[in-house]
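Thanks for making time this morning. I would like to take you through one model, going from the whole chain to a single position.

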Amino acid sequence: LPCVQTSPQTPTLGGMSETTSSFQTAPVQTVAISLDDRSYDIHIGQGLLSRPATWAQLPKAQTAMIVTNDTIAPLYEAALRQAIAGHFKQVHTVVLPDGEAHKDWQTLNLIFDALLSRGCDRKTVLFALGGGVIGDMTGFAAASYMRGVPFVQVPTTLLSQVDSSVGGKTAINHPLGKNMIGAFYQPVRVVCDLNTLTTLPQRELSAGLAEVIKYGPIADMAFLQWIEANIDALMGQDPQALAHAVKRSCEIKAWVVGQDEREAGLRAILNFGHTFGHAIEAGLGFGVWLHGEAVGCGMVMAAELSHRLGRVDAAFVARLRALITRAGLPVRGPVIDASDNAGHYIAHMRLDKKAVGGDIQFVVIDGPGKAQVCGAPDSMVRDVIDACCA
């Protein structure tokens, strides 16, 4: 059962006190993604949609298209349209149905239908206004339409701001597996307006915190300690706490993506908890559990596997489980099939993109702050699933 060591040496944590309690305005911050001619900036701050500087030096084009969903459109589509109207002669909008259940070919084709029916050319700029589903589908459409048009990520959920909008992974789901059909395609800019998080339901906020928490065990234990100290502020949507969580998460992801854009090795550590989590999503049906809920529970299962492999002690597993619980996330996996629950999990995990020749590869914690991609015996995986499911 070979293991591939993939632990990053990320930049050190800084810029925040141990706890955050006062609700103050967060300054605008920038994180750079360094990928040669595909490099771009992530802008993080409050009120960015309405700041002219946010939209300076956009790609030159006659036409733009905003891709959003029926939940976000009434909240932010008009503001984005007004902000970019001076840069394009025409700004179109396509509104998709909301939810993971619609991250499929049929919904993706609605974007292509809108582009083609409006005569959009190969310079048309797409704007992904929404959460991870909108970002992934808009990016995939941009990668495919006329073999590639520019797109801008405008993430409106915590999960998309700290993870899915950054790094160029675009995809749709297949009934047998999550994100199985897609492309690596980088945006030209990411705009994280923290004010959009004020309309985020508490369940969605908690789901986003799962992707924040994952960065600690795999890369930065100081950040994990900061999250533990500030979890109440994060749950309460303190702007300074959220700004730091978004910035630090993006810094870590930017460093990893800069080393391994197409997930040949190091980038796989960003999937901590996702192998178990994707099995939960596919097994229950996409949209029953939110992605972050499945990842949060999946991290507990992956930590338990790490413990059984002798990489971390039981105290570390308990520490992570306690934090995930405080974030309002499930820590017990669902029963997908009462007759052979573990077998159903394993069947879905064999379709994971990290699997090699049908052998499942897990991201495990190789001591706090380090991660590895590693195989594990099916019997051990079964024991972990049995121990961690309701």
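Predicted model: local features only at pLDDT ≥ 70, side-chain atom pairs only at ≥ 80, totals over all residues.

Of the 390 residues, 59% count as buried.

As for overall form, the C-alpha trace spans about 60 × 45 × 35 Å along its principal axes, and the chain holds 13 helices and 12 strands. A compact globule with 390 residues would have a radius of gyration near 21 Å, so the 20 Å of this chain agrees with that expectation. Among contacts with a separation of 6 or more, 77% are between residues 24 or more positions apart.

Before going further, a word on confidence. The average pLDDT is 92, with 93% of the residues scoring at least 70; residues 13-23, however, stay under 50, although the model has 31 contacts beyond four places in sequence for them.

Is alanine 128 buried or exposed? Its relative accessibility is 1%, and because buried means under 20%, alanine 128 counts as buried. Beyond its neighbours within four places in sequence, alanine 128 is in contact with several residues, including Val67, Ile134, Gly135 and Val152. The C-alpha atoms of alanine 128 and isoleucine 66 are separated by 6.3 Å, while the two residues are 62 apart along the chain.

Definitions and conventions:
Residues numbered from 1 in each chain as written. Heavy atoms only, no water. Helix = DSSP H or I, 4+ residues; strand = E, 2+ residues; numbered from the N terminus. Rg over C-alpha atoms; globule rule 2.2 N^0.38 Å. Buried < 20%, exposed > 50% of the residue type's maximum accessible area, 1.4 Å probe, protein only. Contact = heavy atoms within 4.5 Å. pLDDT = per-residue confidence, 0-100.
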